[in-house]
Amino acid sequence: MRKELQVAALENGTAIDHIPTAAVFKVVALLQLQKLDNRITIGNNLKSSKMGTKGIIKVSDKFFREDEINRIALVAPNVNLNIIKNFEVIEKKEVVLPNEIIEIVKCNNPKCITNNEPMRTRFYVVDKEQVELQCHYCELKIRKEEIVLI
Amino acid sequence: MSPKSLVNIGDYDREDIFRILRSASKFKQNPNRDLLKGRVCATLFFEPSTRTRLSFETAVNRLRGRIIGFSDAATSSSTKGESLKDTIMMVSNYADLIIMRHHLEGSARYASEISPVPVINAGDGSNQHPTQTMLDLFTIYETQGTLENLTITIVGDLKYGRAVHSLIQGLSHFSPTFNFVAPEELHIPDKYKAFCDQKQIAYNEYTDFSPESINSADILYMTRVQKERFTDLMEYEKVKNVYVLHNEMLNDSKENLKVLHPLPRVKEISQDVDDNPKAYYFQQAKNGMYTRQAVICDLMGIEMR
C-alpha cells in the first residue's frame, strides 16, 4: 500500500521532522520563520510511530546555517533535519547544543542586569548532558526545567 | 576589544594574584606616589557604600589622580531613567578608569564590555566584589608569609556572604583547607561545595563554633549573621549569640592565627578581642587601600618606578 505523506513533499529546502508537538511554534519563533517569504508548510499533531504525535516543518528553498539551526536545540534537541534537493534527501543533520546561547533564554534572576537594561542575554552551557546554563552576567545557574525562553 | 577590567576574582589567575600582591606591598611601604598624575578616575556608586568608596578614593588621591563621580544613584541620571550603557558611555568620555558599585548583578560585566576604559567592580549586588577578595588575600599573605596550604575557618553567614564566596574562589589556587561554621539556615551553598570538590579542596562543616574550628585555623574569617536573612526569627534568636567571638576563645589558638572580618562588624566580634594582637581586621581594611592602588595601576598599565 502506498504510504501517504501527511505533509506535501518538498522539492528543494529543509524539512524538520519529529518535532515535539509542544515545541513546534517555539521552533517557528526561534528560526524566525514568520519573517521569511519562502513557502512554508507546518504540520502538527501528526501521527508518529516513534513519538505518538509530532510536528513537522518544511521550508522551501531555505538552507539554514548551523548557528541558526542550533538555536532550536534547547526546545527540540532530537529533531531530524533533512536537506532536500530535487525531492531527494541529500543530507541529514543533527542539532547540537552550542557552547553559548545568545538572546534566546531569559535570566531567572530579577536582579540580573539583563532583566533591567535593553541588552542581549548570554548563557554558557555548563553541562550539555543535563542541559544546565549559566548567565554570563550575574552567574546564576539555570537547570533545564527552569529555562524560560524570551 | 574591551580593555582589561576586574569584574570577578576568577578573572585573575595565580600569577595575576601574585603580581598584585607584590605591587600592593610596595604601596604599603609608600602609598604616596605620583603615578596617576594627570589621570581622571570615575567612582560611580549607584548604590551607596561609604567604606568602599573612601578606600578607592583615598587610593587614587594618594597617587595624585583626580576623581569624578557620584556616591548615590539619586544624584545621577539613572533616576531620570538613563540606561547603564548611556551612563558608562558618557563617563568614559571623561575618565581613564571607571570604578563602579551597582545593585544589579552582572552590571559590572556589562559595563566592562561596553566601556572603552577599564572597569573595576566595586560590588554588583550579591554577586562579586573582587577587590575585597584581593585585600583579603593580601592580608593573609602578609600575616602568614604564604598563601599555600593554610587552614581557613569561615564563620557566620556563608549562604549570602559575597566576600566568603569570592574568598573561596580566590584561595582555590593555593590548596587551602576550609572549616565552614554556620547556622543551618545560612550554611555554605552546594555550588561552593561542588567547586571545592572539583578543585580537590578539603573542607569541614560545623554548625557549632567549636574550639576545634578555632584552634586548627591559621585564619579566622568572621562575618555578620544578619537578622533579615532568616525566614524563621525563632531560629535567629537561637543562633544570634552562637557565632560571636570572645577574647578567651582565642586562648588555645595557633600563634600565627589572625582574625579577619570584611567589616562592618556588629556584634560577632566582641570588643575585648580588639586589643588582642591576633585581631587584624582594622589593618585588613587599611590594606584595602594599598591593594586598590595596585589593582588600579595594573589595569591602567602603569608600572611602578
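**Entry 1: the sheet of chain B**

I count two strands as paired if DSSP finds at least two bridges between them. I am working on a predicted model.

I started with the strands of chain B. Four of them form an open sheet in the order β2-β1-β3-β4, with parallel pairing. I looked up the edges next. They are β2 (66-70) and β4 of chain B, and each of these pairs on one side only. Neighbouring strands of this sheet are turned against each other by 15° on average, direction ignored.

Then I took one pair. β1 (residues 40-45) and β3 (residues 97-102) of chain B run in the parallel sense and share five bridges. Which residue of β3(B) stands opposite F45(B)? I found R101(B) there. As a reminder to myself, strands of a sheet pair through backbone hydrogen bonds.

**Entry 2: α3 and α4 of chain B**

I moved on to the helices. The axes of α3 (residues 84-92) and α4 (residues 107-114) of chain B come within 10 Å and cross at roughly 50°. I therefore note α3(B) as oblique to α4(B). The crossing of the two is right-handed.

I listed the residues on both sides. α3(B) brings L84(B), K85(B), I88(B) and M89(B). They meet S107(B), Y110(B), A111(B) and I114(B) of α4(B). By class, I get six nonpolar residues, one polar and one charged in this contact.

**Entry 3: α5 and α10 of chain B**

How do α5(B) and α10(B) cross, left-handed or right-handed? I first looked up the geometry. The axes of α5 (residues 130-144) of chain B and α10(B) come within 8 Å, at a crossing angle of roughly 115°. I therefore put α5(B) down as roughly perpendicular to α10(B). The crossing is right-handed.

From α5(B), I noted T131(B), M134(B), L135(B), F138(B) and T139(B) in this contact. Their partners in α10(B) are Q284(B), N287(B), G288(B), T291(B), R292(B) and V295(B). I sorted these residues too: four are nonpolar, six polar and one charged.

**Entry 4: domains of chain B**

In the contact, 18 residues of domain 1 of chain B face 17 residues of domain 2 of chain B.

Which elements give two or more residues to the domain 1 side? I find α1 (14-29), β4 (119-124) and α10 (281-299) of chain B. α1(B) gives the largest share, five residues.

**Entry 5: domains of chain A**

I turned to chain A. Its assignment gives domain 1 (13-93) and domain 2 (100-149). Taken over C-alpha atoms, the two centres are separated by 25 Å. The contact uses four residues from domain 1 of chain A and four residues from domain 2 of chain A. On the domain 1 side, I find two nonpolar, no polar and two charged residues.

**Entry 6: chain A against chain B**

How many residues of chain A are in contact with chain B? I get 15, and they touch 12 residues of chain B. I looked up the classes on the chain A side. That side has seven nonpolar, four polar and four charged residues.

Technical notes:
Residues are numbered from 1 along each chain as its sequence is written. Chains are lettered from A and ligands numbered from 1 in the order in which they are written. This is a predicted model: local features need pLDDT of at least 70, side-chain atom pairs count only at pLDDT 80 or more; totals for chains, interfaces and linings use all residues. Two residues are in contact if their C-beta atoms, placed from the backbone, lie within 7 Å. Helices (H or I, at least four residues) and strands (E, at least two) are DSSP runs, numbered from the N terminus. Ala, Val, Leu, Ile, Met, Phe, Trp, Tyr, Cys and Pro count as nonpolar, Asp, Glu, Lys and Arg as charged, and the others, Gly among them, as polar. Axes are lines fitted to C-alpha atoms, for helices over the stretch in contact, and angles run from 0 to 180 degrees between N-to-C directions. Angles under 35 degrees count as roughly parallel, over 145 as roughly antiparallel, 65 to 115 as roughly perpendicular and the rest as oblique. A crossing is left-handed if the near helix is turned anticlockwise from the far one by less than a right angle, and right-handed if clockwise. Domain bounds come from an automatic or database domain assignment.
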